[in-house]
Amino acid sequence: MELRHLQYFVAVAEEMSISRAAQRLHMAQPPLSNQIKQLESELGVLLFERTSRGVRLTEAGEMLLEEARRFFIQLDQAVRVVQRVGHGEVGRLALGFVPSASNEILPEILHSFRELYPGVELFLSEMKPDQIVQQLHEGKIDAGFLYLPLEDPSLRIECVSREPLVLALPERHPLAPEPEVDLREVAHEPFILPMRYRLMPGLYGQVTEACHRAGFVPNAVQKDVWLMQTIVGLVAGGLGVALVPASVQNLSRKGVLYKRVSGLSPSVELGFVWPPARSSPVLEAFLTVVRENSHDPVGAQPHLE
């Protein structure tokens, strides 16, 4: 039995006429009549009683019609599910992200994706950048957000957000009244530095490079601090100053002032990374949303391949 046999049968059963069913199916009447006879022969039962006014379903035919209609409904549902999976509308996506990503761009991306693809399950985990890279290689997550630069030939990398670094000062700092600060003015200040990861300069590299360009090596009184909230908290406690992404200002923290950095205008880039070898429709759909919500006016970082 082929699918077309059932389609022919349903058409004849609903029209109660082979000639009207043939018109509905855009085929000649004799081939349709032959197809119905072949179906009856294969099943070994009569499905229709022929009358002068057309055809009438037998008891076996009525049962087949009921089952055939149920089958076509299930088939249609299966086709829709397959199409939704193929278009990235259903499935699951596991993402790793550095906590700072949630200060600005990540909530926008998640909100847009949830509106477009409510059938996709998202599993999000805060991670250190080296953990993100490791879990991408191990296949435990599908993609991640971390600070650039990152060099890994096995991963695709796109810059999705570029923002300036700002100087976080204790509120009673002598430079507090100034609208902006030259980095050289804090060259001798104690610095609170983010964590440095092996083979991954990331945010640490951006901060120290900005200081080097200003002509000094930061005097690290606290280093290897992972969370931006902790860095800001240490600044509020008067332990030192820090260069942080501008989006950190969205964190409400008493005792801290943020100042624009004049002259060098250092910036930091947040990247979206994923292994191209394990791409999927869901990941491609998410990548499209990421690009549409990108805060990077210059464009994507060249792919590293």
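Strand β8 (residues 190–194), helix α7 (residues 202–213) and strand β9 form a β-α-β unit that is right-handed, meaning that, with the strands pointing away from the viewer, the path from the first strand over the helix to the second runs clockwise. Helices (H or I, at least four residues) and strands (E, at least two) are DSSP runs, numbered from the N terminus. The model is a predicted one, in which local features need pLDDT of at least 70 and side-chain atom pairs count only at pLDDT 80 or more, while totals for chains, interfaces and linings use all residues. Residues are numbered from 1 along each chain as its sequence is written, and side-chain values use heavy atoms, with hydrogens and water left out.

Within this unit, β8 and β9 (residues 219–225) pair in the parallel sense over four bridges; pairing requires that DSSP finds at least two bridges between two strands. Ile192 stands opposite Gln222 in β9. Strand β8 is mostly covered, since four of its five residues are buried, where buried means under 20% relative accessible area, exposed over 50% and partly exposed in between (1.4 Å probe, protein chains only).

Across the whole structure, a search finds zero disulfides, a disulfide being a pair of cysteine sulfur atoms within 2.5 Å.

Attention now turns to the helices that pack against α1. The axes of α1 (residues 3–15) and α3 (residues 29–43) come within 10 Å and cross at roughly 110 degrees. This makes α1 roughly perpendicular to α3, because angles of 65 to 115 degrees count as roughly perpendicular, under 35 as roughly parallel, over 145 as roughly antiparallel and the rest as oblique. Axes are lines fitted to C-alpha atoms, for helices over the stretch in contact, and angles run from 0 to 180 degrees between N-to-C directions.

Helix α1 also packs with α2 (residues 18–25), at an angle of about 125 degrees and with the axes 8 Å apart. Helix α1 is therefore oblique to α2.
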